[in-house]
Amino acid sequence: MKMTDERWMALALSLGRRGQGNAWPNPAVGCVLVRDGRVVGRGWTQPGGRPHAEALALARAGELARGATAYVTLEPCSHHGQTPPCAAALIEAGVARVVAAVEDSDTRVSGRGFDMLRAAGIRVETGVLAAEAGLDLSGFLRVADGGRPFVTLKLAASFDGRIATATGQSQWITGPEARRLVHGMRARHDAVMVGAGTARKDDPSLTVRGLGVARQPARVVVSRRLDLPLLGQLARSAQDVPLWICHGRDADPERLAAWKGIGARLVACGIAQAQIDPADMLVQLGQAGLTRIFCEGGSALAASLLAADAVDELVGFSAGFSIGAEGLPAIGAMGLSRLSEAERFELVESRQVGADLMHRWRRTEV
């Protein structure tokens, strides 16, 4: 692997990240076309998944794509969907070499894109910055294999791990700088998720504000009984911003009809230990097209996801004050009796954000 290949692939990865939160159900791919040591075209998957990164880069390069090297973060697609195959577009443009980070695990592709390119006489190299690309695309790749989306759990708490006082007051534990950063994190995910208790108590909108995003993330509320306020912010905006409600199959039919009538998308989930089964819920959300989910609590939902081993990344914001034991804990009961039973995460980032501390942790196998 050449250092120049790593350099251009790093650029392609940075471009691909621009599509995170916008490209679903398609993967957020980046592509850079390089000829004679300079970039002649670049692209990333556009909102809604079209056009694809390769198509955009080729359009920008025009005739300069002939003889160029294409750096793509994911194997170019080989099947006809809502757009023609990107592998065929690279062949037609006369690209001489394709460097890809990872193979697409989607059964419609899964090596066929590389085979098309090689059959046309294009040199193909793979595995450049594969670990980095695998992390960026992990949700899409996992869902393509029949698994669940990538899940980030975000918690904002006092120094002693409380998210509200005993009376329920929680606004605001963290400062404006931290809250703005959270909006940026929301924008890089396909969906923002909260539990029913948070939806009832805080009446949140769960939208990205102040950043001028092209596409709002879907809002997902986990509510077994659909006991959510029909006059709250989520309900009032259901026609404008996607609202998905994960409920139990035993939910009240009248409530089902009411929420469906105002535009909510309803996802019937299995029940485990008297609550929504996280594993079943996440697989269903993945099958519906979501690849990256940003969960903002509350404590019961956070505990449920952690206990189900369904969290890939933890993002914590810690404020410099304490509330005390009577406050609401950030994470509810998980039933652990031994430290060895607790899932360990690796610290990947820690920095001050305004008056608060942000720390980010990741599963070691992601």
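Author: Let us begin with pairing: two strands pair if DSSP finds at least two bridges between them. The model shown here is predicted. In it, Val32 stands opposite Tyr71 in strand E3.

Reader: In which sense do E1 and E3 pair, and over how many bridges?

Author: E1 and E3 are antiparallel and are joined over four bridges. Strand E1, residues 30-35, also pairs with strand E2, residues 38-44, in the antiparallel sense, here over six bridges.

Reader: Is strand E1 largely enclosed or open?

Author: A residue counts as buried when its relative accessible area is under 20%. Five of the six residues of E1 are buried, so this strand is largely enclosed by the rest of the structure.

Reader: How are side chains arranged along a strand?

Author: In a regular strand they alternate between the two faces of the sheet. Thr69 belongs to strand E3, residues 69-74. Thr69 counts as buried because its relative accessibility is 13%. Apart from neighbours within four places in sequence, Thr69 is in contact with Val32, Leu33, Val34, Arg97 and Val99.

Reader: How should I read a helix, and what does H7 show?

Author: One may compare its span with the expected value of 1.5 Å a residue. Helix H7, residues 176-187, has 12 residues and reaches 17 Å from its first C-alpha to its last, close to the expected 16 Å. The buried residues of H7 are Ala178, Val182, His183, Met185, Arg186 and Ala187. These buried residues pack against several strands, including E6 (150-157), E8 (191-195) and E14 (292-295).

Reader: What can be said of the chain as a whole, and how many helices and strands has it?

Author: The chain has 12 helices and 18 strands. Along its principal axes, the C-alpha trace spans about 65 × 45 × 40 Å. Buried residues make up 52% of the 366 residues.

Reader: What share of the contacts joins residues at least 24 apart in sequence?

Author: Among contacts between residues at least 6 apart in sequence, that share is 71%.

Terms used:
Residues are numbered from 1 along each chain as its sequence is written. This is a predicted model: local features need pLDDT of at least 70, side-chain atom pairs count only at pLDDT 80 or more; totals for chains, interfaces and linings use all residues. Side-chain values use heavy atoms; hydrogens and water are left out. Helices (H or I, at least four residues) and strands (E, at least two) are DSSP runs, numbered from the N terminus. Buried means under 20% relative accessible area, exposed over 50%, partly exposed in between (1.4 Å probe, protein chains only). Contact means heavy atoms within 4.5 Å. The expected span of a helix is 1.5 Å times one less than its number of residues.
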